[in-house]
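Please look at the sequence and the structure before reading on.

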Amino acid sequence: MPAETGRIAWHVITAELHTGMLTLAFASLVIRLVGVWATSGTPVWRGLVRLAEPTAVLAAIGGLLALIASIVTGLLYTWPVEVLLTSSVVLNKIAITAFATTFWMLFVVVRLIYGGRLWDRPRLRWLSFALGAGGFVSLMLVGSTGGHLAGKRSMLDGVLHYLGVNTHLLFTLSRSAVYLALSAVALLAVGAAVRRAVWSRNLEHSREAAAQVAPGSSPPQTPSG
Amino acid sequence: MTRTFRLVPHVSVWVLLAVLVLVAGGWVGAAAAAPPAIDGRITEGEYASHYQARRIGMEVHWTIEGDSIYFGLKVPATGWLAIGWDPSGPIMEGEDILIGYIRGKELFLQDYFANSSVTHANDVSLGGRDDVLEASGSEDRQSTTIEFRRRLDTGDRFDRPITPGPHTVQLAYAPSDDFVTYHGEKRTVVKIDFFAGGAQEAGLFARPRSLDGGRGPLVPWLLTVAAGVVTIVGLTAAYLLWPRRARVRHGG
């Protein structure tokens, strides 16, 4: 095997690894979410739901590591830097890979912060599922773009073309759209932080007032994520 | 008695000789101008012009005959080889490509079009035609030779006409018998005037896209990626920070 073909194989291996692991993570996520409502059923189903959560986490961590490895091998071993920086298809692939990595990284971080009990809290449950779904969909687009680069066709082509997406054109936002999006997100995050601070202070006041009115009564619940 | 010199027979002989020389010369001339034989072998003097890319060891031979061009390509490898010309850029985008390989005794040669800077597709799959009129090839343990003929101007929208003047020509090959394996370092770009026969190395890529000063697509692309990542992280943070409607517990 020529040396160059051997090096490309590292990217192929890591790409297959992260695709498999992250697909398993998303499938486990779906099973766990369905298991929130479908509590009755066969012992097999209950066992599946019980195992789905740790499977999703472990597969997501493994898949994320493989995804990072495939980014490194993709940048180093597949195409010359000049091609990487001039091909619209490759740049689109890098962009979607960045989004997929962000989704899965946040998925893992949220799970590590809140633990397995996040499934008892609907808001966190839906957030976790949304992050996993975002990561899975963007990963599908990455795979489709990779198929184009390998000279093959993608099953998503029909859908994307129906939606008017030309996968060979570089996808960029205008500068004003970028600034608008960044401002909106910053405003939203700051607004949420301020609202949370105000909420906490009000609750503190309420708690103090409640303590003065009825010593020994239970304080109101503090705001939570 | 003087011996008369008979001029007339001498003139006849000379005329006859001249005719013979002209006929023979014409036959030889016709042989020299005969189109190359598409037989998978490139012989000395078979083609009118040739160019050897020394860095990658690839040979390109060509002859223009009537409305056709004959190509003979030879590489020191046993996988695919390709010639392409006139990319609009960047890199090979918009290029007319002929790519082929030999598996066993069978030649696989197809007419391709570079539909992006780093990918290419069969003309037929894009709605065009395969415009190779005749082709032949051979392979031994060290090398591959492919000969083919096509029209100078095929009229296909996925082909580029060969006209007088310099053309940007890209040459490449790889060790695998397929149409997709990356060529790696085995590629070069050369300026060739197919009619005049001149050739000049032009570097690795035809038209590198400028990355400077935000005029290229890189800066808007980077901003788009950053905006996407920040939006995902920001929305997640805002969602987590947004206070939940508190439920006051009743009872003691």
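Leaving aside neighbours within four places in sequence, A:Ala60 is in contact with A:Leu22, A:Ala25, A:Trp104, A:Phe107 and A:Val108; two residues are in contact if their C-beta atoms, placed from the backbone, lie within 7 Å. The model is predicted: local features need pLDDT of at least 70 and side-chain atom pairs count only at pLDDT 80 or more, while totals for chains, interfaces and linings use all residues. Residues are numbered from 1 along each chain as its sequence is written, and chains are lettered from A and ligands numbered from 1 in the order in which they are written.

**Chain B**

- Chain B has two helices and 12 strands; helices (H or I, at least four residues) and strands (E, at least two) are DSSP runs, numbered from the N terminus.
- Of its 252 residues, 35% are buried, meaning that 20 or more other C-beta atoms lie within 10 Å of the residue's own; exposed means 12 or fewer, and partly exposed in between, with C-beta atoms placed from the backbone.

**B:Asp86**

- B:Asp86 lies in the loop between β4 (81–85) and β5 (96–103) of chain B.
- B:Asp86 is not a glycine, yet has a positive phi of about 60 degrees.
- B:Asp86 is partly exposed because 18 other C-beta atoms lie within 10 Å.
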